[in-house]
Amino acid sequence: FAQLRAEHIILFRKSLEEGRLTGRVMGQSTINRKLAVVKSFFTWLKTNHVVGNNPAEHVKGYPQTQESSLKGLSDEEAKRILLLPNLNKRAGALHSAILHLLLYLGVRKSELLGLKMGDLDEERGVSVIKVRGKGHRVRILPTTERVRAALEHYFMACGRDKALKEEPLFIPTKNPRSGMTLKMMNPNAITYIVIRYAKKAGILKKVSPHSCRATCISNALDKRATHRSVQHLAGWSTPLMIQRYDKRREDLKN
């Protein structure tokens, strides 16, 4: 480590830009994240007297942009997706509940997977759900009537007991490998569900669970929700992310 210089970090960045390490060209934001990791690691080495200086300190990444390539969904597209799951089947009931939480509450995939049965609660007569976000911050979000209906149907169809507070909220309906279903769902399963129903709805653009989050936030902004309430909904520590996630920009028509 002591032999490394700034030019080595620059060459590392260039290899990421050209895709020489992985065989594929990386996006600017991905390269910035990897550079941030290297800088943080060398800061730690310097603090612990392993190296005398941080060679990555003055190596710049790409300029940050408030835009992202993430695509949100229109209201019509979101409606089509929500109507597709077969509610007469256990898997369809599970998928419907997941899609409702993603589109109505804008939760991150990791937050969705971390939900427990005990996170469903009531405060001041309002049905709420407690979401654990980044930095272990907990935010309390009200559940709409449609979200509650989707969850109740899922509980009934899959025989879930709401009294078992520590069980994961969403569990697989089947697991052919081990035969165990009482466990947290695989993150890839959430991505698969979103992509599957988007294709069935005739949506050709690239979508992901995060597209549902962008859709929820854009929808809230379109309906004139305050930036403070949108910030709380999304679980951000700063309102600066709002512009990055506003994918519809209805105000541009005015």
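How many residues lie between E2 and E3 in the hairpin that they form? There are five, and Gly135 in the turn has a positive phi of about 70°. The structure is a predicted model, in which local features need pLDDT of at least 70 and side-chain atom pairs count only at pLDDT 80 or more, while totals for chains, interfaces and linings use all residues. Residues are numbered from 1 along each chain as its sequence is written, and side-chain values use heavy atoms, with hydrogens and water left out.

Strands (E, at least two residues) and helices (H or I, at least four) are DSSP runs numbered from the N terminus, and two strands pair if DSSP finds at least two bridges between them.

Let us follow the pairing strand by strand. Four bridges connect E1 with strand E2 (residues 126–132). Here Asp121 stands opposite Val128 in E2, and Glu122 stands opposite Ser127 in E2. The hairpin of E1 and E2 has two residues between the strands, and Arg124 takes a positive phi near 55° in this hairpin. E2 is joined to E3 by five bridges, and Val131 has Arg139 in E3 as its bridge partner.

Attention now turns to the nonpolar cores, that is, sets of buried Ala, Val, Leu, Ile, Met, Phe, Trp, Tyr and Cys residues joined through side-chain atoms within 4.5 Å, where buried means under 20% relative accessible area (1.4 Å probe, protein chains only). The largest core holds 47 residues, of which Ile98, Leu101, Leu112, Leu169 and Phe170 touch the most other members. Among the elements that each supply at least two residues are E2, helix H4 (90–105) and helix H6 (145–158). H4 gives the most, with eight residues. Beyond its neighbours within four places in sequence, Phe170 has contacts (heavy atoms within 4.5 Å) that include Leu94, Leu151, Tyr154, Arg160 and Lys183. A second, separate core of 11 residues includes Leu16, Leu35, Val38 and Leu45.

Conventions: Buried < 20%, exposed > 50% of the residue type's maximum accessible area, 1.4 Å probe, protein only.
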